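Here are a few notes to read with the model open beside you. Take them one at a time and find each spot as you go.

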Amino acid sequence: MSSASRARLGEEVWKTRTDKINAELVTLTYGSVVAQLCKDLDGDYAEVNKQLDKMGYNIGLRLIEDFLAKSNMQQKCANFRDTADVISKVGFKMFLNITPTIANWNSDGKQFSLLFDENPLADFVELPDDGKAQAELWYSNMLCGVIRGALEMVQMQVDAHFVSDLLRGHDTTEMKITLVRYIDDELPQDDE
Amino acid sequence: MVMVIMAIQLTGINRVVYAVLILNKAGGLIYQRDFNPGLQKLSSNDYLILAGTFHGQVSLASAARAQVHAITSQISPTNETTSSGLEVLESENFVMRCFQTLTGTKFLVFAEPRQPNLDVVVRRVYELYADYVMKNPFYQIEMPIRSEGFDRHLAAYIKPHQ
């Protein structure tokens, strides 16, 4: 499947097979989860990042089935570059109606970045001015977990983390995704 | 495969889809439901054995491509390096369609031999599974499915007029 036809597929699934809900509901729900975590964990932002990632992971384990069922993908990606293309053009498109830019491939083709020009989760958000949040909190960290969980279900172990965020005053919002290994065995995964 | 055929002896022919089975990626049976009379009743243990056997067969079929390449390359008309394994099993009295998702979950649909578009049926079952099983936050992944919503929607799809 070519890159262009993936873009069409993402567009089609988004238009015809995705139930839409109010964007503010999503933004506010996600925002209150993050804010509550920050409160509960007493401003331990490293732990907040971790919890967001874990929640995302559990979402990813489930969301992948919806992704496969709706997109009707039956062929495995031939390589990690294809995987990146599918994540951006089909995955993000059908769930968030965005298409992050793929950039910064490393030489062995096992690491790339997703650049988020827009991020529906972060609309209206300004990080707290406590001197720590701007340096430690990755507000949209749940997305990393979602990708990690979803790819694990299709036999790819990856590491995903943000390296920059517009909310922190950086120029871009960038997530780095690294392929750790392909998982061979068909063993059940543990729910966290 | 002999075992599967023996286990699913038909007692009569009437309607279309006989049964739906779902196997988790380890080959465990996580869902089994009969929709129309036609299949012989099995004990729950027999169903588990059937699922395990089938899983083994599918895995073997796909692994064989890689390991016993010399033999299978003579059998297979293509040179594809990956095979999804067994997909359809047909007999005089029933047809079985297996759909394996990329996550390793397998959907088995047993139906009357003349039932058309089984691949559409099995994909729809997958969509219902993605919706009513996987999206239930209290469903534990890989565990047996006890979901009233899934039961209801599956029945509504497979037996709409009864």
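1. Ground rules. This is a predicted model, so to speak plainly: local features need pLDDT of at least 70, side-chain atom pairs count only at pLDDT 80 or more, and totals for chains, interfaces and linings use all residues. Residues are numbered from 1 along each chain as its sequence is written, while chains are lettered from A and ligands numbered from 1 in the order in which they are written.

2. Where the chains meet. Chain A puts 15 residues into the contact and chain B puts in 17; two residues are in contact if their C-beta atoms, placed from the backbone, lie within 7 Å. On the chain A side, the largest share is seven residues from helix H3 (residues 45–71) of chain A. Helices (H or I, at least four residues) and strands (E, at least two) are DSSP runs, numbered from the N terminus. What kinds of residues make up the side of chain A that touches chain B? They divide into nine nonpolar, no polar and six charged. Here Ala, Val, Leu, Ile, Met, Phe, Trp, Tyr, Cys and Pro count as nonpolar, Asp, Glu, Lys and Arg as charged, and the others, Gly among them, as polar.

3. A two-faced helix. Look at helix H5 (residues 148–158) of chain B: B:Phe150, B:Leu154 and B:Ile158 are buried. Buried takes 20 or more other C-beta atoms within 10 Å of a residue's own, exposed 12 or fewer, and partly exposed is in between, with C-beta atoms placed from the backbone. Looking down the axis of H5(B), the buried residues fall within an arc of 50° (taken from the directions from the helix axis to the C-beta atoms), so they line one face of the helix. On the other side of H5(B), B:Glu148, B:Arg152 and B:Ala156 are exposed. The cover over the buried residues includes strand S1 (17–23) and helix H4 (118–134) of chain B.

4. Two loop residues. A:Gln155 has a positive phi, near 65°, and is not a glycine. A:Gln155 sits in the loop between H6 and strand S3 (156–164) of chain A, and counts as partly exposed because 17 C-beta neighbours lie inside 10 Å. Over in chain B, B:Asn117 is not a glycine but has a positive phi of about 55°. B:Asn117 lies in the loop between strand S5 (106–111) and H4 of chain B. Is B:Asn117 buried or exposed? B:Asn117 is exposed, with 10 other C-beta atoms within 10 Å.
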